[in-house]
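These are my notebook entries on a model with several chains. I record what I looked up, entry by entry.

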Amino acid sequence: MTLLTVEDLTIEFPRAGRSGDTTRPVRGVTLTVEPGQTLGVVGETGSGKTLTGLAVLGLLPPAARPRGSIRLDGLELLGAPPSRLRAVRGSAIAMVFQNPATAFDPVRPLRTQFERVIRRHRGGSRAQAGARAAKLLAEVELHDTDRVLGSYPHQLSGGMLQRAMIALALSCEPRLIIADESTSALDVTVAQQVRRLLLRLQHAHGFGVLFITHNLGEARDLCDRVAVLYAGEVVETGPVEEVFTAPAHPYTKALLAAVPTVDDDGAPLASLPGEVPADVLAVTGCVFANRCPQTADLCRSTPPEARTLPGDRRALCHFADPEVAA
Amino acid sequence: MRRFLFRRAAAAAAVLLGTTVVTFVLARVVPSDPALAYLGPKARPEQIAEIHHQLGLDRSLPVQYVNYLGGLVRGDWGISIGTKQPVTSEIFGRLPATLELLAAAMTVALVLGIALGVIAAVRRQRLADHVIRMLAIGGVSMPAFWLGLLLQVTVFGQLGLFALTGRNDPDLEFTDPIQEITGFHLVDALLTGNAAGFTDTLTHLVLPALTLAAYPIGVIARMTRASMIEVLAADHIRAARAYGLRERMTVGRIALRGALPPVVTVAGLTLAYSLTGAFFVEVVFNWPGLGQFAATALLNADYPAIMGVTVLGAAAYILVNLAVDIVQARLDPRVRLA
Amino acid sequence: MTLLSATTAPVDAVRTADTPAPTRLRRIVTAVLRDRLALVGVVLVGALLVLAVFGPWLAPFPDQGRGVADVAHRNLAPGTGGHLLGTDPLGRDVLSRIIIGARPALLTPLLTVALAVAVGVPLGLLAGYRGGRLDEAVMRIADMFLAFPPLLLAMVIAAMLGPSLTHAGIALAIAWWPWYTRLARGLAAGLRDRPFVDGARALGLSDTTVLARHLLPNAAAPIVVQASIDIGTVILASGSLAFLGLAAQAPTPDWGLMVSDGRSYVLSQWWLSALPGAAIFLAVLAFNLLGDALRDILDPRAVTR
């Protein structure tokens, strides 16, 4: 059975000041994560990818109004009672945050923080929790476990903290790990080490991963499948290799074209003209129409439907056409 | 941690020394002549000169300062012009009464203030929040002497609750006298199993303590609220929730712990502020403490007494600030690096 | 110094060269108007200022306000005999005394704070900007004053100078200036390494110009916030000094003095102490609300809402 199913997720926020006015940063998002697989959620800032991740755990800000369905192994999470959500958080689903330095409690040593989580979900004594924490740290290649556990967050480097956070995520044997831009704050080499680590752990433990990132190269490196988000909608999904070598949606094509390569020596950087529409809800037709190189009248009048393409792929475009990126 | 302690303590000692300089200068700047105060307006020149010599006023200023400092250290703080007793015995004899009042007030203030602040932060922008914020700003704006009088008129005058003035009922001396062991009547009554004395002291303590606590409650509640709001928005609180920790733990232990350092600072500052606030409460409630003594001394130009109280006040103030620094460092390890 | 200001962290209120319309002042006014509590503060402060300026014309019994007795009508309860707030043991109309008393109650604290700012801020800015030995010397002196509880220091100085309203004001100013020096010094020290300061100096501008034209505007916001909150505190302190008998003397209708005078009658003629005390409370409240509102507007980092 599919591990995580997000179906038609829409998140609405009342607009500050005026009543009756709303923004909808996430619209109709549908994606799935299979057990043991990694789904990359790719998009630029503001595309709604972080909100989607937070929605899975029910961690949206209090003003948010989510609709749709989010199911973990068939268990409905959206709108679930707080007790169910709290039981799931940190145990069945664990989150790895972007900035490990701020995600840990700054005034407590790491040991205390591991103890809190482990004892919350598994019970047991502090000694038992401490022993488990040490084992987990060793698994994420932090070997000086006593020193690390005794340290405060500000005493450790970003890379070490991120590994520690992954260890914390593993502590209660999660079935799904949500990684929200978890390598964005790290150096390039450290980021790669962390990705390798995550892969290795996934093979060893068999959890699924929802990997949120804006970095296409990273998504390709790490993910089995990818979902591309634009302005709150999923514009394309499919196996990562195929989507990246033969993108179907014009946005994906443009994204890939924009990535500079070694051969681009001296050439101006390719970029997309225009901007994401300021008021997405006011747009009739396709949200991408104002920037799309292939726009037709149909695009401006009618919003596209998700079209299924061969190879377990979908794209949100009237003219979805898998072809090699320019 | 020890190095931090040492550095701070050394700095505090230096500042204390500085305050003795200020106190000394203030005493010498006084427009009136202490000799005249002793002898009265009809004193003859030789008598005045004799007193000047006795008090060392005919020596140079630096020498006078050294003598003064020496006296402070030795415990010779002069004789009170008003009571003709040594200033030290007057001050230290009355100190426990004031300390007891301060302790009661600060305890109430911390418990109520923090509780109200947390509630206001958790129920932000709702009714409870607005009510608490109004109470807080009211408490902070209220003159202590006025509040004390109001409480006397309403709670005692109209409702007949608690006591009007004084630390204990004068009759208690005959029925269940409190044996002074520590000087703190609540403690002493407990230690000697004096139930009547305990209740009597408590009854007399309520109104003055509440009056004195009004300002600190306001400040502490506001600071707790502001600090909690900030901490609750922090990443590690979201992470704690993401890991399924119970709300009571997340708010009550993690968030509150992180929110406390500025609250501690501010609580220490309100304690320092209340050192002088106690003066007014003692005057209104006829509380036999340091404040009442000081208020009388101020009006009667009893300079040795005033100087003594000033030095003690400064020392207490410095000590409280030092204690605040230490507690802060204990709560937040990052402070120790500063 | 009040503990309300302990919730503030000095902010970098860097003014941009192109301030877009609406002007900063306009935005402040709009923000104040939107906030109900701030509005109450502004209205109260306005009313108090009106009383302070026009008191003698507004009081129903101005002579009694100043101290002329009318023993035939003494100790009247509020609402009787045409006296809205009653009369005191000398028959003087309490309402008039409170109204006339608004001027000393507000004027002295305003002047005190103005004096403390005028002396403390330039000194602090200079010390923070220059650093080095000047900085150390100034801060050592300030620290010596700051080591005392401010009200205590003011009480002692007022006692020494002799009881009078002017002496009380001077005493308060002496007790309060170091807080502004410390605040200004901290701000200046924080700003002196900023590029715009280097730029100003590279242009060859003198220290005074740099301080006055460049540092001061950027340090102004926290200082204004502190001062507006301090006015409330100093009103309270001034009333406290009067209560102890260290400030104005009879027959001046000083609110604090009136509270003290009424103490002996508090259980029967409660209005003698309660009403002037309420006046002090309202005045302090008004300025505290105003100061709070200013802080929320000028110092976005201090979260209180």
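I began with A:Glu115, which counts as buried at 7% relative accessibility; buried means under 20% relative accessible area, exposed over 50%, and partly exposed in between, with a 1.4 Å probe and protein chains only. The model is predicted: local features need pLDDT of at least 70, side-chain atom pairs count only at pLDDT 80 or more, and totals for chains, interfaces and linings use all residues. Residues are numbered from 1 along each chain as its sequence is written, chains are lettered from A and ligands numbered from 1 in the order in which they are written, and side-chain values use heavy atoms, with hydrogens and water left out.

I then looked up the partner of A:Glu115. A:Arg126 forms a salt bridge with A:Glu115, and their closest N and O atoms are 3.2 Å apart; a salt bridge is a side-chain nitrogen of Lys or Arg within 4 Å of a carboxyl oxygen of Asp or Glu. The pair links distant parts of the chain, with A:Arg126 in helix H5 (residues 126–139) of chain A and A:Glu115 in helix H4 (residues 110–122) of chain A, eleven residues apart. Helices (H or I, at least four residues) and strands (E, at least two) are DSSP runs, numbered from the N terminus. Whereas A:Glu115 is buried, A:Arg126 counts as exposed at 51% relative accessibility.

I noted 29 salt bridges in the structure over all chains. A:Asp144 forms one of them with A:Arg147, and the closest N and O atoms are 3.3 Å apart. A:Asp144 counts as partly exposed at 43% relative accessibility, and A:Arg147 is partly exposed with a relative accessible area of 45%.

I next examined A:Asp312, which forms a salt bridge with A:Arg225 at 3.0 Å between the closest N and O atoms. A:Asp312 lies in the loop between strand S11 (306–309) and strand S12 (313–316) of chain A, and A:Arg225 in strand S9 (residues 225–230) of chain A, so the pair ties together parts that are 87 residues apart in sequence. A:Asp312 is exposed, with a relative accessible area of 56%, whereas A:Arg225 counts as buried at 17% relative accessibility. I also recorded one network, in which salt bridges that share partners join A:Glu12, A:Arg24 and A:Arg67.

Where does A:Glu141 lie? I placed A:Glu141 in the loop between H5 and helix H6 (145–150) of chain A. Its phi is near 65 degrees, a positive value in a residue other than glycine. A:Glu141 is partly exposed, with a relative accessible area of 38%.

A:Glu173 also came up in this search: it has a positive phi of about 50 degrees although it is not a glycine. I found A:Glu173 in the loop between helix H7 (158–170) and strand S7 (176–180) of chain A. A:Glu173 is exposed, with a relative accessible area of 52%.

How much area do chain B and chain A bury between them? I noted about 2100 Å², 62% of it on carbon and sulfur atoms; buried area is the accessible area (1.4 Å probe) that two parts lose on being put together, summed over both. B:Arg238, B:Ala242 and B:Tyr243 supply 32% of the area that chain B buries against chain A, more than any other three residues.

The contact takes 17 residues from chain B and 25 residues from chain A, contact meaning heavy atoms within 4.5 Å. I counted zero salt bridges between chain B and chain A. The count of residue pairs in polar contact between these chains is seven, both residues at pLDDT 80 or more. A polar contact is a pair of N or O atoms within 3.5 Å; within protein, one must be able to donate a hydrogen and the other to accept it, and residues adjacent in sequence count only if both atoms are side-chain atoms.

On the side of chain B that touches chain A, the elements that give two or more residues are helix H11 (235–242) and helix H12 (247–285) of chain B. The largest share of that side, six residues, comes from H11(B).

I recorded twelve helices and zero strands in chain C. Of its 305 residues, 53% count as buried.
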